[in-house]
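Here's a quick briefing on a two-chain model. Have the sequence and the structure open while you read.

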Amino acid sequence: MTTCIDVAVRPYVATVDEIRPYLPRAWQDVRLPVPWRTRYPLPVEKDAVGDPLSPATAARVLLEDGGAEYAVLIPPTMGLQPDPELGGAVAAAVNEWLALNWLEEPAAGGRFKGSIRIDPRSMDRSIAEIERWGNDPRFVQVAIPLRGHLPYGDVRYWPIWEAAGEYGLPVAIDADPGGAGVEYPPTMTGWPATFTEYVTMDAWNAAGHVASLVCQGAFERFPNLVVVVVTGAFDVAATLMWRVDKEWAQNRIEVPWVERRPTDYVADHVRYVLHVSDGPRDAAAFGELIDLTASSGLLMFGSRYPGWEYEPAIEARERLGDGIREPIMRTTAAKTYALESRVEAQA
Amino acid sequence: MTVSRHVVCPLHELPPGTRKIVLLNGRGPGVGVFNVSGRLYAIKNTCPHQGGPLCLGPVCGTTRAVWPSAGPPQPEWVRDGEILRCPWHGWEFELSTGRLVAPLRERVKTYDVTVEAGADVKRLVTYDIDIEDGYIVVDA
C-alpha cells in the first residue's frame, strides 16, 4: 500500500468531564467552558465507522485504511480560557489525557505521535510542559492556538520558542475553537456573519503570525525554530510574504534584524499543512501554484480527522501531481519531525 | 563602451554637504555628484525600484541589528554619510558602489569622479576654465 504521514489529526475530548481528572485537584470542580463552545458545533465523522472520537477507530481509519505510517495528533484544548493560568492547566491536562488515552492505544502500535499543548500566555506553565514531555519520544511538537492574544513574533513568546528549539520540537499553530469568548474575532475585519466567511478567513490569521515571526526577528534569534501552520492557506501566506518582501526592501531600516529577504525565511522555518481549500482544484493548475510560490518543500499532508475538513489520504494523493506527491504526502513530514530518530529513541 | 569625460564644476562650487545633479550630454535623468565630508561620489539619478529621482534623497546612514544577550534586537545607526536613500520608497544604496544595503540584486550605476587641474580639463569644454582651479570630472 502507498504510505503517507498524516500530520494533522485532532483527537477531541467527548465532554469536558473527560479532562477534569487530569487537572490539579483545586481546578477539578471549577466551571469550565464546554468544549467547542464555538459558533459552529463540531461535525465529526465522514468516513469513520464506529466512534470517530475513539483512538481505536482513528487507528483503523488513518493507519490501517488510510496507509499512514504515523499520525501526528493535535488535541484541541477548548480554546482560550479567560485565565491564562487555567488555560495552561487545561493544556497540561489535555497532554496527560492524550498520553494515556491515545499515545498508548494498542491498535496504533506507537504510530500515534503527540503534540505538547500549551497556553502560550502562561509562560511558566508552557516551559514546564515542554520540559515535562520534551524528551518523551511519543511527543513530536509543541502546539499553540491559532488565535493567541498577540502575533507570535512578539518577544514575550520567545522563551517558548527557545525551549522548543532546545528539544528540537517544531511549533504547530492550529485552530483551537471553543473557549470562553475571550478570543479576538476570527477575521481582521471583525465577526463574520456566515460560516462560509468564518471558515475561509480564520485560516488567514496564520499568515499574520508568519509575517510577525519574520519581522520581529524570531527566526534570526532561533535558527532552529520551525513553525508548522496546521490551518493551511499556504497560498494566502505566500502571496502575503511577497508583500512583506516589498515593504521590507523599502522599510528595512525599521527591521535591520531581518537580514534576508522575508520570503527566504519561510523555506527554512515554516511548513504548511495542506488543506482541502488550498489553491485551485485542477491538479495541473495546483502544480503551477506550487511552482509559483516555491512551495513544494513546504507542504505536508494532514487529514484533519475527524472534523469536517477531513481529507482522506487517498483523495489528497489524487489531486497532487507526480513531482510533489511524495514530498507532501510523506518525506517533508519525516524530515520536519525527525521521525526516524524519534522512533529509534522510543524503541 | 567608450567613456566620455564630463566637467561638472570647480571643486569650490560643490563644498562638503552639497550635491549637484548634472545632465550628461544634455540628457536626463542625469547623475548626482555628491561631496560628503570631502569625499566625492557620482551616481545615476534613477532608482532601479520604480524609477524615482534617487539623487534627491537624503545622504544618511542606515540601521543594523544589535542583539542583547536576551530579549529583542535593537536598531543601531551606522555608516552615517555612506548611504543614499531614495525619496520615493526608501530603498537604500551605498554611495560608493551603488549596491543596496538590503541583500537584493538591483544596483545603481556609479561613476568615477575625480578632481583635475584646470589646465588638464581645458580641452574638454567650450567655455573658459580657470587653469589655477581644480575641477570635478565625471567619467561616464
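Predicted model: local features only at pLDDT ≥ 70, side-chain atom pairs only at ≥ 80, totals over all residues.

Residues are numbered from 1 along each chain as its sequence is written, and chains are lettered from A and ligands numbered from 1 in the order in which they are written.

**Chain B overall**

- Chain B has 9 strands and 1 helix; helices here are DSSP runs of H or I with at least four residues, strands are E runs of at least two, and both are numbered from the N terminus.
- Going along the sequence, the pattern of chain B reads β-β-β-β-β-β-β-β-α-β.
- Along the principal axes, the C-alpha atoms of chain B fill a box of roughly 65 × 30 × 25 Å.
- Of its 140 residues, 27% count as buried (20 or more other C-beta atoms within 10 Å of a residue's own; 12 or fewer means exposed, and in between is partly exposed, with C-beta atoms placed from the backbone).
- Take the contacts in chain B between residues at least 6 apart in sequence: 44% of them join residues at least 24 apart. A contact means that the C-beta atoms of two residues, placed from the backbone, lie within 7 Å.

**The β5-β6-β7 sheet of chain B**

- In chain B, 3 strands make an open, antiparallel sheet in the order β5-β6-β7; strands pair if DSSP finds at least two bridges between them.
- β5 and β7 (92–94) of chain B are the edge strands, each with a single partner, so one side of each has no neighbour in the sheet.
- On average, neighbouring strands of this sheet are turned by 45° against each other, direction ignored.
- Strand β6 (residues 74–85) of chain B pairs with β7(B) over 3 bridges, in the antiparallel sense, and B:L84 stands opposite B:F93 in β7(B).

**Where the chains meet**

- On the chain B side 16 residues are in contact with 12 residues of chain A.
- Strand β5 (residues 59–66) of chain B gives the most to that side, with 4 residues.
- By class, the chain B side has 9 nonpolar, 5 polar and 2 charged residues (nonpolar: Ala, Val, Leu, Ile, Met, Phe, Trp, Tyr, Cys and Pro; charged: Asp, Glu, Lys and Arg; polar: the others, Gly among them).

**Helix pairs in chain A**

- Helix α7 (residues 205–215) and helix α9 (residues 234–251) of chain A have axes that come within 9 Å and cross at roughly 40°; axes are lines fitted to C-alpha atoms, for helices over the stretch in contact, and angles run from 0 to 180 degrees between N-to-C directions.
- A:A206, A:A207, A:V210, A:A211 and A:V214 in α7(A) meet A:V236, A:A237, A:L240 and A:V244 in α9(A), giving 9 nonpolar, no polar and no charged residues.
- Helix α4 (residues 123–133) and helix α5 (residues 158–166) of chain A pack at about 5°, their axes 10 Å apart.
- That angle makes α4(A) roughly parallel to α5(A) (under 35 degrees; over 145 is roughly antiparallel, 65 to 115 roughly perpendicular and the rest oblique).

**A:V72**

- A:V72 lies in strand β2 (residues 68–73) of chain A and is buried, with 29 other C-beta atoms within 10 Å.
- Leaving out residues up to four places away in sequence, A:V72 touches several residues, including A:D6, A:K113, A:V140 and A:Y337.
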